[in-house]
Amino acid sequence: MLYGRDRERAEIDRLLCRARSGRSGVLVLRGDAGIGKTALLDYAAETATDLRVLRGTGIEFEAELPFAFLHLLLNNELHHLEALPTVQANVLQAALGQVTATTDDRFLVGQAVLSLLAEVAGDAPLLCLVDDYQWADRASMDALLFAARRLGAEGVAIILAGADDQAADVADGLPTLRLPGLDRFASVSLVEDRVGELQAPVRDWVVSEAAGNPLALLELPELLSPAQRAGDLPVHGLPAGVEASVSPVQQVFVDRFAALPEYTQAFVLVAAAEDTGELSTVLAAAEKFGATLRDAVPAERSGLVSVDGTTVRFRHPLCRAAVYRSVPTVRQVSVHRALADVLCGPEDADRRAWHLAAGATEYDEFVADELEGAAKRAAERGGRVAVTAAYERAAQLSADRLARGRRLTAAAAAAAEAGLADRAKTLADRASTMVADPHQLAVLAQVRAGLAQAQGSHQLACDILVTGARQIGREVPETAARLLFGAASAACLAVDIAAMEKVTGLLGSLGLSRRADSLVIAEAILGVADVASGRPDSGVPVLREVLARRVDQPDRLGLNEPARIFLSLLTGDIETAHRLAVALEHDCRSRGAIGMLPDALVFLAKTQLVTGHYRDAASNANEGLRIARDTGQRQSIVHLTAILAYIAAVEGAAERCRDLVAAMRWEGPGTADTWSPGVLGLLDLGLGLREAAFDRLKVVTRLPNITIMPSLPLLVEAATALNETAHARAAYEQFAIWALATGERWPTAVMLRCRALLASGNEQEAEAVEEWFAAAVDLHQGTSQSFEHARTCLLYGEWLRRGRRRTDARTQLRAALELFERLNAKPWVIRARTELRASGETESVRTRSADPLRRLTSQEVQVVRLAAQGLSNRAIGARLFLSPRTIGYHLYKAYPKLNVANRAQLTQLLAQNRSND
């Protein structure tokens with residue numbers, strides 16, 4: 001019976017009810033040790049008689065073993081693996097040590113766990129119970145929580161119970177109940193019902209001292225003598241012998257342990273240090289201290305442990321911890337050494353290494369080597385947190401300074417990949433004073449720069465990479481050049497011309513060989529430098545040449561697909577950038593590279609933004625944002641938020657746009673300073689607030705960066721409307737240099753539009769103005785930049801109307817209106833309609849029917865597009881990292897919105913919609 005937990009039971013009941021109806025959910029129970037979390041898990045298990053139940057408990061001593069908890073939780077359900085997509089089945093088997101890994105993407109394991117839980121729930125709703133999740137290994141929790149955040153229509157309920165004293169809890173953001181202490185009525189009822197007879201003053205003392213903690217209410221009476229229980233002796237304050245640093249409940253367990261016979265203590269202590277509870281292992285190690293199975297009997301009688309078949313279990317996790325911590329270090333060391341001696345099979349290599357490490361009291365290269373082996377095996381399984389821990393402990397045991405530096409470097413790299421930014425920085429800083437090898441120095445520079453860029457500190461990243469390149473330039477110039485390419489990219493994003501000059505100056509001193517790859521990377525750096533420094537007329541042609549000379553192994557240069565997309569955007573080649581982004585996104589999905597997907601979706605959504613495919617850009621940005629938040633990729637969060645803010649600006653959603661800009665500034669103020677003037681300026685211009693738009697946009701001419709190129713034409717429009725000719729001309733000239741260098745149709749069209757605007761107030765240039773506007777409209781034909789095309793038609797139509805050429809104006813304004821409606825650019829639609837009425841339009845303007853996909857959520861859009869391509873629910877789930885049942889649920893919700901009943905009708909509808917684009 002549970003006392004005083006009506007609210008918590010009601011929440012659990014609701015969660016189970018949802019699971020029975022096919023809806024999934026998660027609940028986190030947090031509270032102090034002994035507060036009743038395990039009892040609530042017991043209640044859930046007892047209530048869920050019609051559900052499948054999986055249950056596991058985190059063990060403190062398993063925290064460094066990758067996927068140990070996941071193996072415990074899912075071991076009996078692995079026969080469902082055959083129903084999973086091959087890549088997911090393989091990665092989960094590799095994580096559990098059954099096969100060799102083919103990918104090390106840690107988030108793909110989470111997707112595999114989601115698919116497996118969905119399969120297990122196929123027969124009946126599933127309840128997954130996790131106790132003491134704060135002690136489970138991080139790799140397991142990352143995977144389980146990744147799955148938990150993507151639950152939808154599988155009928156899976158997950159309840160996690162953990163301590164409430166974690167500074168950075170891995171389950172933050174999930175629905176959480178914090179368990180308070182029991183009130184006095186419930187406390188008194190529990191003591192009276194479960195403890196037995198206590199005199200009223202003694203009972204009141206127990207209730208007062210326990211402060212509502214159920215375990216303390218049950219265990220504190222054990223500290224009292226019979227005379228105290230009967231009220232014959234006082235019980236004020238803690239009983240004698242209780243240390244101030246030990247809780248009364250822990251003291252109960254410590255006293256029971258201390259009262260056991262010597263050999264029984266040895267048995268219990270070995271069980272406390274052994275992480276699996278395997279009786280055979282515990283006995284083998286305990287025998288080294290003279291203990292046998294018979295010596296377990298007193299421990300069972302004391303209530304500390306229970307021996308069940310082949311397993312030793314502690315009554316409560318606090319009991320295990322209290323026993324282990326109550327003995328001197330020398331006894332702990334001897335126990336770990338005994339366990340290492342008996343764990344001699346190849347399957348026990350990792351546990352043996354960690355027990356050896358726990359038993360090491362001085363430098364020990366043999367143990368360090370064993371831990372390094374454990375780190376390499378953990379890397380094969382994708383357990384980056386475990387890799388970090390193993391290399392870090394190996395470094396601590398390394399007497400040789402260079403070996404210590406090498407292992408700290410490996411630990412820092414693994415920590416960065418695991419998303420442990422603070423730990424990675426600390427490890428990298430420690431390693432930097434011990435490393436001499438140029439390749440290790442390069443790794444440290446990349447780790448530290450990556451951490452800086454993830455926080456939006458592009459200047460710091462550039463400085464780190466320049467310093468790293470300078471350190472290793474003489475010994476490994478090609479590697480130094482790769483660092484400099486990263487530095488050039490960071491300087492470009494930071495708009496730091498001085499830093500760019502440092503990069504190019506150092507590049508000349510490297511003495512690169514004449515190999516093709518060396519030349520390509522050098523030219524790429526110089527081209528980026530020229531563009532970032534406001535010289536696109538010299539930089540863009542160089543970059544176009546670099547992109548045309550793809551080498552056989554581009555990854556060796558640092559010119560991998562993300563780099564090539566970045567360079568394509570710099571050169572204005574949106575079609576190539578989009579093609580590469582589509583390929584990169586497809587590759588990430590097919591390989592299950594979830595960790596790389598947010599960056600891929602940034603590039604894809606950016607190219608869709610430029611080409612006016614806002615619905616697709618929003619869908620991809622929202623998906624990328626969900627994954628980036630789950631995986632802690634702050635820089636991706638900033639860029640994806642900026643994309644969504646831009647779309648909101650186009651659509652005139654002012655409040656949403658400003659909220660997104662504020663969120664962008666919170667996550668990455670440096671990047672936000674570059675993006676926000678253009679986004680908010682576009683919003684103001686669309687709403688007719690030209691003065692406000694001008695005030696925001698006039699700063700962009702001081703930002704020589706590709707990210708502000710789309711803002712320059714906005715500034716020209718706002719400035720010319722206010723007769724701010726100097727600002728308009730400066731913006732035009734800056735954009736024109738880049739546009740002419742690209743040789744692309746759409747930048748040239750926008751340039752001509754801006755030129756026409758600059759001259760539109762001069763009657764003597766009226767003929768030239770019309771030529772420029774007309775040429776711009778012609779160049780837009782056949783390009784994919786529909787928003788820019790629409791704005792050119794609008795501005796041309798407005799100029800014609802002001803010149804009293806109303807018939808000609810209506811042709812351009814109708815074209816603008818149709819394009820704006822297709823883009824859902826509401827304020828621009830209003831402006832075009834207003835201009836049409838002013839031009840004398842009397843007939844109802846016939847425009848395109850609204851895009852039916854507007855009625856769908858971003859995720860529904862993704863699902864229906866893939867379904868229309870003929871993909872099954874399972875295939876769609878694999879691509880979107882959702883379960884097949886959740887995909888089915890999204891289709892169930894989308895079909896009525898689209899007025900279709902099946903996939904065939906859906907395919908026909910979307911094909912018709914595409915033909916109207």
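Predicted model: local features only at pLDDT ≥ 70, side-chain atom pairs only at ≥ 80, totals over all residues.
**Exercise 1.** Determine which helices are joined by the salt bridge between Glu 119 and Arg 874.

*Solution.* 
- Step 1: the side chains of Glu 119 and Arg 874 meet at 3.1 Å, N to O.
- Step 2: Glu 119 is in helix α5 (residues 106-120), and Arg 874 is in helix α44 (residues 873-880). With 755 residues separating the two, the pair links distant parts of the chain.
- Step 3: Arg 874 is partly exposed, at a relative accessible area of 36%.

**Exercise 2.** Find the helices that hold Glu 788 and Arg 753, and decide whether each of these residues is buried or exposed.

*Solution.* 
- Step 1: a salt bridge of 3.0 Å, N to O, connects the side chains of Glu 788 and Arg 753.
- Step 2: Glu 788 lies in helix α40 (residues 786-802) and Arg 753 in helix α38 (residues 745-759), 35 residues apart.
- Step 3: the cut-off for buried is under 20% relative accessible area. Glu 788 has 11% and is therefore buried; Arg 753, at 1%, also counts as buried.

**Exercise 3.** Name the residues that form a network of salt bridges, and state how many salt bridges the structure holds.

*Solution.* 
- Step 1: the network links Glu 365, Asp 369, Glu 372, Lys 376, Arg 406 and Arg 407.
- Step 2: the structure holds 43 salt bridges.

**Exercise 4.** Compare the span of helix α42 with the expected value, list its buried residues, and describe Gly 840.

*Solution.* 
- Step 1: helix α42 (residues 826-838) has 13 residues. The expected span is 1.5 Å times one less than that number of residues, which gives 18 Å.
- Step 2: from first C-alpha to last, α42 reaches 18 Å, close to expectation.
- Step 3: the buried residues of α42 are Pro 827, Trp 828, Val 829, Arg 831, Ala 832, Glu 835 and Leu 836.
- Step 4: just after α42, Gly 840 adopts a positive phi of about 95°.

Conventions
Residues numbered from 1 in each chain as written. Heavy atoms only, no water. Salt bridge = Lys/Arg side-chain N within 4 Å of Asp/Glu carboxyl O. Helix = DSSP H or I, 4+ residues; strand = E, 2+ residues; numbered from the N terminus. Buried < 20%, exposed > 50% of the residue type's maximum accessible area, 1.4 Å probe, protein only.
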